[in-house]
4 protein chains.
Amino acid sequence: MSDALGPGAIGLFDGILARGPVRHAVGDGAWLQAMLDFESALARALARAGLIPADQAHTIDRACRAEDYDVAALGRAAAAIGNPAEPLVRALTARVPGAAAGQVHRGATSQDVVDTAMMIVARDALDRLRVDLDGGGDAAAALADRHRTTLMAGRTLLQQALPVTFGLEAAGWLAGLDAAAAALDDVRARGLAVQLGGAAGTLASLGDAGSRVLGFLAEELDLPAPALPWHTARARVGVLAGALGVAAGAIGKAARDVILLAQSEVAEVREGGAGGGSSTLPHKRNPVAAVSAVACAARAPGLVATLLASAWPEHQRGAGPWQAEWRPLRDLFETVGSAAAWLRESLAHLEVDPARMRANLDRSGGLLLAERVTGALAPALGRLPAHDLVTAAAAEAVGSGRPFADVLAARADVRARLSPDEIGRLLDPAGYLGSTGVFIDRALAAHAARRSPPGGGAP
Amino acid sequence: MSDALGPGAIGLFDGILARGPVRHAVGDGAWLQAMLDFESALARALARAGLIPADQAHTIDRACRAEDYDVAALGRAAAAIGNPAEPLVRALTARVPGAAAGQVHRGATSQDVVDTAMMIVARDALDRLRVDLDGGGDAAAALADRHRTTLMAGRTLLQQALPVTFGLEAAGWLAGLDAAAAALDDVRARGLAVQLGGAAGTLASLGDAGSRVLGFLAEELDLPAPALPWHTARARVGVLAGALGVAAGAIGKAARDVILLAQSEVAEVREGGAGGGSSTLPHKRNPVAAVSAVACAARAPGLVATLLASAWPEHQRGAGPWQAEWRPLRDLFETVGSAAAWLRESLAHLEVDPARMRANLDRSGGLLLAERVTGALAPALGRLPAHDLVTAAAAEAVGSGRPFADVLAARADVRARLSPDEIGRLLDPAGYLGSTGVFIDRALAAHAARRSPPGGGAP
Amino acid sequence: MSDALGPGAIGLFDGILARGPVRHAVGDGAWLQAMLDFESALARALARAGLIPADQAHTIDRACRAEDYDVAALGRAAAAIGNPAEPLVRALTARVPGAAAGQVHRGATSQDVVDTAMMIVARDALDRLRVDLDGGGDAAAALADRHRTTLMAGRTLLQQALPVTFGLEAAGWLAGLDAAAAALDDVRARGLAVQLGGAAGTLASLGDAGSRVLGFLAEELDLPAPALPWHTARARVGVLAGALGVAAGAIGKAARDVILLAQSEVAEVREGGAGGGSSTLPHKRNPVAAVSAVACAARAPGLVATLLASAWPEHQRGAGPWQAEWRPLRDLFETVGSAAAWLRESLAHLEVDPARMRANLDRSGGLLLAERVTGALAPALGRLPAHDLVTAAAAEAVGSGRPFADVLAARADVRARLSPDEIGRLLDPAGYLGSTGVFIDRALAAHAARRSPPGGGAP
Amino acid sequence: MSDALGPGAIGLFDGILARGPVRHAVGDGAWLQAMLDFESALARALARAGLIPADQAHTIDRACRAEDYDVAALGRAAAAIGNPAEPLVRALTARVPGAAAGQVHRGATSQDVVDTAMMIVARDALDRLRVDLDGGGDAAAALADRHRTTLMAGRTLLQQALPVTFGLEAAGWLAGLDAAAAALDDVRARGLAVQLGGAAGTLASLGDAGSRVLGFLAEELDLPAPALPWHTARARVGVLAGALGVAAGAIGKAARDVILLAQSEVAEVREGGAGGGSSTLPHKRNPVAAVSAVACAARAPGLVATLLASAWPEHQRGAGPWQAEWRPLRDLFETVGSAAAWLRESLAHLEVDPARMRANLDRSGGLLLAERVTGALAPALGRLPAHDLVTAAAAEAVGSGRPFADVLAARADVRARLSPDEIGRLLDPAGYLGSTGVFIDRALAAHAARRSPPGGGAP
């Protein structure tokens, strides 16, 4: 399983809490390169606007490689000034030869660098997150398709209620994951933007060229241009955080269901794959992937709250709220990415036990179909008398331990209307699934459309 | 001001914490009528699907008036069963005469009632919230337009940094409010849906008519139909919550800025209107509306977190998470609605003091323009020497208390390149506003487009 | 069940989400009386300090009855000034005849009234909450005592792991509830305080008598006196909120366990009492009380976060953070109180099925004791070989479906060391409970000490 | 400033967001050593209980040095099993020679290791946090003492209200920090505990020696012994989190006040020290330390909420909630530790400008004392007429721009009762400070007692 962690430093808890590719997308290296990408793109934008010669932009561009910079030194220096962009700009300027050095970072403020980097990092992290979310969706879709007619007990308030199929349960997970992925795609497509405003959001030092440079910068980085700088209008961050929080919910929901289905007493699924054995308890098989997904997803709501609470920076640039976003956003991406990777792992290797599902369903001896018997008797008896009759029969079955079908067949008032065969048919769960098939089809069709959009391009 | 509270019971803190029309939209009366609207629309949908006669639907419909039901009795009865829909269905059935009584709530489960009611309530609450959000936006737009060129100090980390105009500050508020409103409109248009799944989400008791009834129900209520029941796929709630959280942020940002500008030592704005006087301190004028907006907006992030954390209901219907949504969603609407009403009030009556803004800006004696002088000297001196020269001059001005212009003009190295007139021009804040005008125009244009969309319809 | 709601207006969701007596303790009526209690006690304190005549204090005191005031009118008037204390003081002054009217509220500011009222309300709410928390603890203690030796499967990660007794499970709930109750008692005893500082926390208008009046006020209200006013030092509120959050956790933990034990497939407990039946599904018995407890407890963490985030009021009195505390603190009390009432109800009527517990435990055919067999073989074989042998036997038992005891007895390497009787004894779960009894005793003893403290007074 | 970061890897944002010594106390190295300390102490406890020979305990102890283990390898291996303790135990066992290897980790489960390590780490982190919290407290105390009589405007809702002294403002910070530190000391002294329960919390494999071993383990680690294992009774974690959240509030409050006092227009304090200059804006001096403290403290409430929401682990050991605690607790310590380090830095080098404080206070021309004039006139005129008179005079002063004293002296109805000298005396802010001195003394005395407890020992 260690492959799932990829390169980079692994901490003691990272194997569990920072699984999958998203953690790298939001790591220091990615942030550093994204900040340098801003500076490089800004130089090109200045050149396109005629403010600096093209060759100076090239000169700056050549100095914008993350591997030439020392993260730890930047981190230490950041403390004196309150952000990591300022020391980076100083270090970059020192590496740029000649007159071009004087043009580094021209017109920009530190927050322009960090905010734009945040958006670049977010874009890449969203792309990686989507792979695991969609991978989990694909696995759920395969389960929904394969187990379209695999009967199981539908459970409400964790009590058996009516028959469903495992395909419907998986289709529910799928719909949740697809809704979350769609929300994230939306953010990816329309919710990001470059940042460029200069010290007070006016781009004053660029004279009247400011808004043009902003437009060029956006083109260079292939990110939308905002109507105006958003140093202290943080809706973008909130919307992104909210969508990640929704994704955590969809993941957590499916993972918790897996854990519940894997309980010793339910035993309808178990996680395959390599992990989950217990060294001291050989009979146990822990659903480690689903448990880890739950643990990762559970961190999301608090982080979203922190990001929403940071949306009040003062005046032109904030005194604390802005800086308060950096870690929670990184942590939110990391933990949702990890949750997605774990859920995908869990669902992709899920071993399903249809026989056990059927056995659990049959344990109630047909009582789950009582509602249906009521419906069959209602036209003749009236709804309320039918209900009372069936309730009494159900109580008798529970009390005596006899099969519900036998109890029903033994009653004269039932026998007068329903033959034993008819009773048997009514108590067959496979015949009382309503729109289950339609709903599964819809979820699968929506997923297929999402994965292979009509136009043929990637979603 | 009491008109802003409208009808309905007012609690001790409601005047401050539940201002405006949204509280009524999410009150018990609104929920009750929305639940009855579900039952009525369901009956009509059943009739359209041919499952019940049309006149039975009419009979049911006539019993669906909230004023005929006793909220307190329903609330008490709800405790025994765990939700308020079940006692309501019982009470409704008792009021429906004849055979129609047997068709009440047919095919549905309690959660279908409550979830659909939640969406109906949310739609109405969003409509009311939008009025106050857009009202706040209109007020911000008016300020941005009127004070397009009203000079003030741009502040970063609460330190004066560069000149801006008050119009730009207001345009920033406007952009934030518009972004939030757009996110809420999105939810309003695409994020709501009816709920109908029956006890286990299969619509089993409707046979193969279930998905058709679902479609008709959606039409009857003019809400989207979901692809499949979403009893335990709660992305809709999370997305709605997230958008409300973003709105709280945009409101809180503007309100806090008002408070900061109204400080005794800044005194660039003050709230007009009736309130805010202090009985014991006659010289004080508290920005009560902005303070109240802040207090209301501050509740949002925690409520959003609670709603996101409730997105994990188990299997077909959850054992706690579903019930955990009811109050936080109501509270979230109420508090964001109240915040929006207060901000609108604050901005609509904001008294702006351009002279004080200018005086505050001038206090630094031109130092805010130091960056500009550097830019003017850089071509001749080189950027770094120019920077050092200006920094030294600024330090001298601060240390000696002499005007920056005089210090500059007294230096031979400056005088060689800049005449006193040129220095004066460089230190004129009105000439160093960069793209301020463009940015204000963009924010105003976007707001105008939002308020009067090209097609001519309401937004 | 409706008795549990007591007097006062009941909303649609209050039966479920605002159960128990705490809601009344934090209702508008309680707040209003508490604010009046402050004014009355302040008058007495002023009299004791010699600042006003005693008869004026009596005159003020006679006007301090909540029933004489109109909550709705105060709520409306509060909007103009930003807090409900100011209009109350005005209304009170109007009701006080003669010269005493001029002494009403002397020296105090609105926040003194509201903060002290908050503490009075909190004290009463804590007292009521303790009753339900301790009632739940008593019920848990009774279960722990009665089922001290009732064998059940211990479950880790929701997989059967080792035998425990239901008494130990209940003792775990008990320990959690007692820890939470102790934390709340601590707050009750040492964490509350009156508030009196005047407009800027200096008690300036009381001259040099201020700190004496503060001391008398504390005595009059039987609350601790703070060293200095805490208008903007909100540790008290945070500590209170944290303790309530911890209580929610202890309640939620026990309630969720009940829900899990009540699952159809586990069926080791079920809730007795009147509720929980399903009208459409007669076989179901929902654990409504535990589900409601979970729903109520789930609201706590977000509310605690809001209160902690409000701990930053500016300078002498805050511009928003203070006002932001009112509703979250009330909601937090109400929801934790409701959760406690529900859990108490759930545990007090819990029906336990020891036979089913034993049957579930036996389903694994002794595999839960594999660790013990390893321990018995280790001295002879070495620990690792013993472990490998037992693991192989366990795998064979799982694979073949044969009883673990039979598989073990059939192996020559085991037979050489253990007789069938010895194997039987090793696989008897009753013999492998370790310190279970000791731990139950400790939890019961701690609870007994808490409920009947040595000194004989109330805890 | 980089010294403040100490040894260890520094990330891009760590200089700002993970300042101070606490980050090291909660880093991977500290966790690893703490887990090994558990194993070593467990071996000694087993030996004291007579379960293993003392020399085997020594042998195990010698293998328990963190530097012999590979964090990254453990982190990777943890993914397969769901926690880092299991691979560590395997690695440790491999390093222990001879028969002692068979005794490693005897009786314990992985959660015993991680939970006890969490407590060891927390103890050390609390000790380090206390140093910076108390350092901040000492700095606040010094300010309170030095500026005991330094007049400044008291501000409510960010409006000047009544005179206070800067000493009182600082005493308020001090009281908040001391309250937070006391709560943390409480947790340190009574809220931690070792964990030892074995797989299901029964210590089954230790026979009847379990509870004795638990007691010895506690002694070996100098931590309290719990009454029973707390694998799923997480009040300890919640109480710890709550106390850290309260500390964040006290820090954030003081830091925000510093930022507000440092505003260009207020300018009553500025941060000394090395940092805070702006490269592009030479006139600016950003309060970097206070801003960073705010940014760090703002993360706390969301993390506390996550930890409180994780307090519901299922049955004997949880399926997700436990694992969900690891990162939030670490992050919470790190961010509160960083906030404390920054605040200490800010306060320790705070430059106070008493002249500016006085100038700001005098700007209102005595209006802040209006309440006092009312009090002086009330005996003669009656309270309400006095209030009306003074309000009218205040309005005239504000409207005309004339000094309040002159306006008063010009009025016949005032002159009849107050001489110009008496008016001057009434409008002298130094004479209207009430209990300011008493309150400062109390805060200083409480702090002194905390720092040098009567018994002479360390607190």
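Me: Where in chain B is B:Ala267 found?
Reply: Helices (H or I, at least four residues) and strands (E, at least two) are DSSP runs, numbered from the N terminus. In this predicted model, B:Ala267 is found in the loop between H10 and strand S3 (269–271) of chain B. Residues are numbered from 1 along each chain as its sequence is written, while chains are lettered from A and ligands numbered from 1 in the order in which they are written. Because the model is predicted, local features need pLDDT of at least 70 and side-chain atom pairs count only at pLDDT 80 or more, whereas totals for chains, interfaces and linings use all residues; side-chain values use heavy atoms, with hydrogens and water left out.

Me: Why does B:Ala267 count as partly exposed?
Reply: Buried means under 20% relative accessible area, exposed means over 50%, and partly exposed lies in between (1.4 Å probe, protein chains only). B:Ala267 has 24% relative accessibility, and therefore counts as partly exposed.

Me: Which residues does B:Ala267 touch, not counting residues up to four places away in sequence?
Reply: Contact means heavy atoms within 4.5 Å. With that sequence limit, B:Ala267 touches B:Leu261, B:Ala262, B:Asp353 and B:Arg356.

Me: How many residues of chain B are in contact with chain A?
Reply: There are 78 residues of chain B in contact with 78 residues of chain A. Buried area is the accessible area (1.4 Å probe) that two parts lose on being put together, summed over both, and here chain B and chain A bury about 6,200 Å² between them, 67% of it on carbon and sulfur atoms. B:Trp312, B:His315 and B:Phe439 supply 14% of the area that chain B buries against chain A, more than any other three residues.

Me: How many salt bridges does the rule find across the interface of chain B and chain A?
Reply: A salt bridge is a side-chain nitrogen of Lys or Arg within 4 Å of a carboxyl oxygen of Asp or Glu, and the rule finds two across this interface. One of them joins B:Arg190 to A:Asp186, with the closest N and O atoms 3.8 Å apart.

Me: How are the two copies related?
Reply: Two copies of a chain are related by a rotation about an axis and a shift along it. Here a rotation of 180 degrees with 0.0 Å of shift along its axis superposes chain B on chain A (RMSD 0.0 Å), using least squares on the C-alpha atoms of residues with pLDDT of at least 70 in both. The copies are thus related as by a two-fold rotation axis, and in chain B the C-alpha nearest that axis belongs to B:Gly242, 2.4 Å from it.
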